[in-house]
Protein chains: 2
Amino acid sequence: MRIGELAERAGTTTRALRYYEELGLLPARRAGNGYRAYGEEDLRLLREIRMLQDFGFGLEETRPFVECLRAGHPEGDSCPASLEVYRRKLAELDECIARLRDVRVRVAGQFERAVRARDELAASEQPPECELAREQRE
Amino acid sequence: MRIGELAERAGTTTRALRYYEELGLLPARRAGNGYRAYGEEDLRLLREIRMLQDFGFGLEETRPFVECLRAGHPEGDSCPASLEVYRRKLAELDECIARLRDVRVRVAGQFERAVRARDELAASEQPPECELAREQRE
DNA sequence: GCTGGCGTTGACGTTGGGGGGAAGGTTTAG
DNA sequence: CTAAACCTTCCCCCCAACGTCAACGCCAGC
């Protein structure tokens, strides 16, 4: 299989594949004419990379999974190094979520304060008419 | 006030201030010798920028707040444009938190599955000794 | 033998928020 | 007088994960 076909089958681009090879993440054999030659297993590795990328893993973080598969293990996460990456990522996610929640609370506070301030300003500049006034006009 | 003093008073660097000026976010008057000259109000603007940055706002997102202050309003968020940025940011935060939570659930699922698979493999390769065996050895 | 569609390498651009440092002018304290 | 501490502009560097040419090679169909 050549680079274009692999890219299409994995839903990515040839540029990405060349980049992965440059990183040593997904090296390719070469055909006689210099073209990269991939096998079915490379598709497997590539799918693993893509899945982890969808989870927000950096490419370097996918390396243990890929190497685990290449070492012949049944799954990319059959190796301790991969499990360690999972653990680190979970901690990272927890921290990130907590931080975002904190920011959300603070921004919401600012927003509400600003809206109240605006309403009070509007009220002082142009006091709202009372119910009686509306009733009399009708 | 010159750039170094303003930077120190706001807890940032001269480099950042020149960058803000380059963006047109915090323009400075010039003294006769070409040095940037800032006033107390610039410190106010800068503090607003820094606060929003701490919330994770991009510099462009702080622009409405800064312009609102420069327009003479009491707070950076006294203007509708600023409130709109708050709203957008809150929505963005909610979406981001939801996405991270979803990823967390999925990664946790993968992790647990991988750990179970590893344990089962270990169990089949080396079955755990039963209670009786331990008792007899003691 | 020519066109079109693959492939190759290499270099540069992107986005954000600056950092680092050169080469030179200014100010200020001792 | 001089050294330190400022200031100025200018330009390259960083991070990730590629995108986008440019200039060229390889191969199939007509």
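1. In this note a residue is near a strand if its C-beta atom, placed from the backbone, lies within 6 Å of it, and helices are DSSP runs of at least four residues, numbered from the N terminus. The model under discussion is a predicted one.

2. The surroundings of DNA strand C comprise 16 residues, the closest being A:G4, A:R36, B:R15, B:A16 and B:G58. Two or more residues each are supplied by helix 1 (3-10) and helix 2 (14-22) of chain A and by helix 2 (14-22) of chain B. Sorted by class, this surface holds 7 polar, 5 nonpolar and 4 charged residues.

3. DNA strand D is surrounded by 17 residues, and the closest are A:R15, A:A16, B:R2, B:G4 and B:R36. Here the elements that give two or more residues are helix 2 of chain A, and helix 1 (3-10) and helix 2 of chain B. The surface near DNA strand D consists of 7 polar, 5 nonpolar and 5 charged residues.

4. As to the architecture of chain A, the model shows 6 helices and 2 strands. Along the sequence these elements follow the order α-α-β-β-α-α-α-α. Chain A has 138 residues, of which 17% count as buried. For contacts in chain A between residues at least 6 apart in sequence, 37% join residues that are at least 24 apart.

5. The two protein chains also meet one another. Chain A gives 25 residues to the contact, and chain B gives 25 residues. On the side of chain B that touches chain A, 15 residues are nonpolar, 7 are charged and 3 are polar.

6. B:E84 belongs to helix 5 of chain B, which covers residues 80-125. Is B:E84 buried or exposed? B:E84 counts as exposed because it has 11 C-beta neighbours inside 10 Å, and the cut-off for an exposed residue is 12 or fewer. In sequence, B:E84 stands 44 residues from B:E40, and the C-alpha atoms of B:E84 and B:E40 are 27 Å apart in space.

Conventions. Residues numbered from 1 in each chain as written. Chains lettered and ligands numbered in written order. Predicted model: local features only at pLDDT ≥ 70, side-chain atom pairs only at ≥ 80, totals over all residues. Nonpolar A, V, L, I, M, F, W, Y, C, P; charged D, E, K, R; others polar. Buried ≥ 20, exposed ≤ 12 C-beta atoms within 10 Å, placed from the backbone. Contact = placed C-beta atoms within 7 Å.
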